[in-house]
Amino acid sequence: MLPPFSYIAVHSKQEALTSLASLAGAALLAGGTDLLVRMKKGETHRYVIDLTGAAELSGVKDRGGTLRIGSGMTHARIGAHPAIAKTCGGLAAACSAVGSPQVRNMGTLGGNLVNASPAADSIAPLLVHNAVVTLESIDGMRSEKLERFITGPYRTTIGKHEILTSVEADTLAGYNEGYRRVAKRAGWAISRLSLAWALNDADGVFKDVRIAVGSCTPVPFRPREAEAFLAGKGRERPVVEEAVKMVLDEIRRISGMRPSFAYKLPVVRDLLLSVLGGDSCS
Ligand SMILES: Cc1cc2nc3c(=O)[nH]c(=O)nc-3n(C[C@H](O)[C@H](O)[C@H](O)COP(=O)(O)OP(=O)(O)OC[C@H]3O[C@@H](n4cnc5c(N)ncnc54)[C@H](O)[C@@H]3O)c2cc1C
């Protein structure tokens, strides 16, 4: 049973911003796949503002070097979008792997980011694309790097009266990129670990290496030291092994030694060896 609330359906972004600013105790609802689960567990809100009628929150724009993706885009639409598949392939793959078809048809990018679960599938690929989120309120607009926006598990810098309206991601033409996740069971399980990557290499030499690891640390992260170590180096096994060791050390440094690492870390290791070694770059 859901606790009682007043349901407000808005028809534009402006109406959503005004309602959010004027109604004390209001929560935003996009797909509801996180919010309604929480409310069924007892979370209460006086008002629930349904954003699905605000068409401005949907759509994708190519801005030359970046893609602007509306926060209201569902995982299913992102997974099927040709421009996203072409230049943000890891994100398309990640959104296609979310939950079940029902969850992908309802759940949105904005909801995934604002909920900020350590296992949220869209975060790691967006980190690889140096994503920046745009937040709007009736007082104005601000942009923030996704890396800074998510401050901890289920925590972000979003203000009480702000709506996440879009996400801007670098387009990475010419990179080999992808996303892999390991989950308990397909269909509804969340990721137990995930890896997003985008590699730019020529003649066996790494020019630019971008990696993000999800579900192993409180917030998905980019192992910058390992990325920098690989840049300019060849794809030889000892080089790749050294970089993988650096990533695993960083996970342990951030999270300590968790019981789940007995199975997680060997899987992260093998995935990284395969991706960086050139066996699985699609
Ligand atoms: C069965 C099941 C399986 C799932 N599997 C996965 C999975 O495999 N991978 C995964 O990553 N997630 C999974 N999820 C979690 C969920 O589906 C995603 O996090 C989804 O993207 C949430 O989006 P939503 O639109 O449903 O968010 P909502 O539930 O509508 O909102 C989530 C939170 O974000 C806020 N919010 C939403 N939109 C905005 C906005 N534009 N601006 C500001 N605040 C906003 C809401 O107020 C709420 O606090 C699963 C959930 C279920 C129920």
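Nonpolar side chains in soluble globular proteins tend to be buried together. The model on screen is predicted.

**Whole chain.** Zoom out to the protein chain, where there are twelve helices and 13 strands. Its radius of gyration is 19 Å, close to the 19 Å from the globule rule for 282 residues, so the chain is as compact as a globular protein of that length. Along the principal axes, the C-alpha atoms fill a box of roughly 60 × 45 × 30 Å. Colour by burial: 42% of the 282 residues count as buried. If you draw the contacts between residues at least 6 apart in sequence, 62% of them join residues at least 24 apart.

**Val-247.** Setting aside neighbours within four places in sequence, Val-247 is in contact with Ile-211, Val-213, Pro-223, Ala-226 and Leu-272.

**Helix α11.** Now select α11 (237-255). This helix has 19 residues and reaches 27 Å from its first C-alpha to its last, close to the 27 Å expected at 1.5 Å a residue. Val-247 is one of its buried residues, together with Val-240, Ala-243, Val-244, Leu-248 and Ile-251. Look down the axis of α11: the buried residues fall within an arc of 135°, so they line one face of the helix. Show β13, α10 (224-230) and α12 to see what the buried residues of α11 pack against.

Turn to the other side of α11, where Pro-238 and Arg-253 are exposed. Pro-238 has 8 other C-beta atoms within 10 Å; a residue counts as exposed at 12 or fewer, so Pro-238 qualifies. Just after α11, select Gly-256, which takes a positive phi of about 75°.

**Helix α12.** Move on to residues 261-276. The 16 residues of α12 should span 22 Å at 1.5 Å a residue, and the end C-alpha atoms are 21 Å apart, which agrees. Select the buried residues Lys-264, Val-268, Leu-271, Leu-272, Val-275 and Leu-276. They cover an arc of only 110° around the axis, which puts them on the same side of α12. Their cover includes β11 (176-183), β12 (191-202), β13 (205-214) and α11. α12 is followed by Gly-278, with a positive phi near 95°.

**The ligand.** The ligand is surrounded by 29 residues, of which Gly-31, Gly-99, Gly-107, Gly-111 and Asn-112 are the closest. At least two shell residues come from each of β2 (26-29), α2 (35-40), α6 (101-106), α7 (109-115) and β10 (163-170). Which helix supplies the largest share of the shell? Select α7, which contributes five residues.

Key
Residues are numbered from 1 along each chain as its sequence is written. This is a predicted model: local features need pLDDT of at least 70, side-chain atom pairs count only at pLDDT 80 or more; totals for chains, interfaces and linings use all residues. Helices (H or I, at least four residues) and strands (E, at least two) are DSSP runs, numbered from the N terminus. The radius of gyration is taken over C-alpha atoms; the globule rule is 2.2 Å times the number of residues to the power 0.38. A residue is buried if 20 or more other C-beta atoms lie within 10 Å of its own, exposed if 12 or fewer, and partly exposed in between; C-beta atoms are placed from the backbone. Two residues are in contact if their C-beta atoms, placed from the backbone, lie within 7 Å. The expected span of a helix is 1.5 Å times one less than its number of residues. The arc is that of the directions from the helix axis to the C-beta atoms. A residue is near a molecule or strand if its C-beta atom, placed from the backbone, lies within 6 Å of it.
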